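Here is a short walk through a protein chain. Keep the sequence and the 3D view open as you read.

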Amino acid sequence: MVLWVFGYGSLVWNPGFEFDEKVIGFIKGYKRVFDLACIDHRGTPESPARTCTLEAHGGAICWGAAFCVRGGPEKEKFAMEYLERRECEYDQKTIVDFFTEGDTITPRLTGVLVFTSTPDKISNKYYLGPAPLEEMASQIATASGPCGNNRDYLFRLEKALNDIGHDDDSIIELANEVRKKLGLNGRLKEKKLELPHIPLKSHIHTLHALPLAEAIALDS
């Protein structure tokens, strides 16, 4: 068997597990939203962070990366155990078709696994739901947890999508609002790396995954 996993959040830049192939592409019918709480990595129970999940939305597409794990049941089991620990706030495993640029009709892959969450505050304790842009930005600008602050998660995602050449306008808008809250005047400093205020629809094409040893520390 072969395991394919679609990453649309921190998995895009930091899969954290051993994989054999990585393909840039998209899934249909979902959009990326910052509606999920994180209380153990980038936030705390008292001050939860906001991380992204997928929301079903007709006609939408969500770009990211699909990772392939080959090598038999033990290797797949190891990858899944790691992902289930890391993605513990996501209560659903959804199977999707995966497409690549140039062919929006025929899937490049079928049976691709993606971690999603139930959009219901009663059945899913991690679901925060939508909020006004300014409210979300204030929460992200101030939340912090054992693995780092919430804003770095957002800024890394923004950069990762820019690096693969498929910016998400909603992520850019949210990141720029967070910069305003932080008084960065359009510039972000993160570990000596400066990320400028990013205009909509800009495109750059490089991506490098972080080492396995950093995976748990950077959360999902």
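**A lysine and its partner**

At 31% relative accessibility, K31 counts as partly exposed. Buried means under 20% relative accessible area, exposed means over 50%, and partly exposed lies in between (1.4 Å probe, protein chains only). This is a predicted model, in which local features need pLDDT of at least 70, side-chain atom pairs count only at pLDDT 80 or more, and totals for chains, interfaces and linings use all residues. Residues are numbered from 1 along each chain as its sequence is written, and side-chain values use heavy atoms, with hydrogens and water left out.

K31 forms a salt bridge with E55. The closest N and O atoms are 3.6 Å apart. A salt bridge here is a side-chain nitrogen of Lys or Arg within 4 Å of a carboxyl oxygen of Asp or Glu. K31 lies in strand β2 and E55 in strand β3 (residues 49-69), so the pair ties together parts that are 24 residues apart in sequence. E55 counts as partly exposed, at 27% relative accessibility.

Now step back to the whole chain. It has 4 helices and 9 strands. These are DSSP runs, numbered from the N terminus: helices are H or I, at least four residues, and strands are E, at least two. Along the sequence the pattern reads β-β-β-α-β-β-α-β-β-α-α-β-β. Of the 220 residues, 53% are buried.

Return to the salt bridges. A search of the whole structure finds 12. One of them joins R108 and E21, with the closest N and O atoms 3.7 Å apart. R108 sits in the loop between β4 (92-98) and β5, and E21 in strand β2 (residues 21-38). The two are 87 residues apart, so this pair links distant parts of the chain. R108 is partly exposed at 43% relative accessibility, and E21 is partly exposed at 25%.

K180 and E177 both lie in helix α4 (residues 169-182), 3 residues apart, about one turn of the helix. Their closest N and O atoms are 3.5 Å apart. K180 is exposed at 61% relative accessibility, whereas E177 is buried at 10%. Elsewhere, salt bridges that share partners join E18, D20 and K75 into one network.

Last, look inside. The largest cavity is lined by 12 residues. Y8, G9, L11, E87 and Y90 lie nearest its centre. β1 (3-7) and β5 (109-116) are the elements that give two or more residues to this lining.

Key. 1 Å grid on protein atoms, 1.4 Å probe; cavity = no way out; pocket = protein on both sides within 12 Å on 5 of 7 lines; lining within 4 Å.
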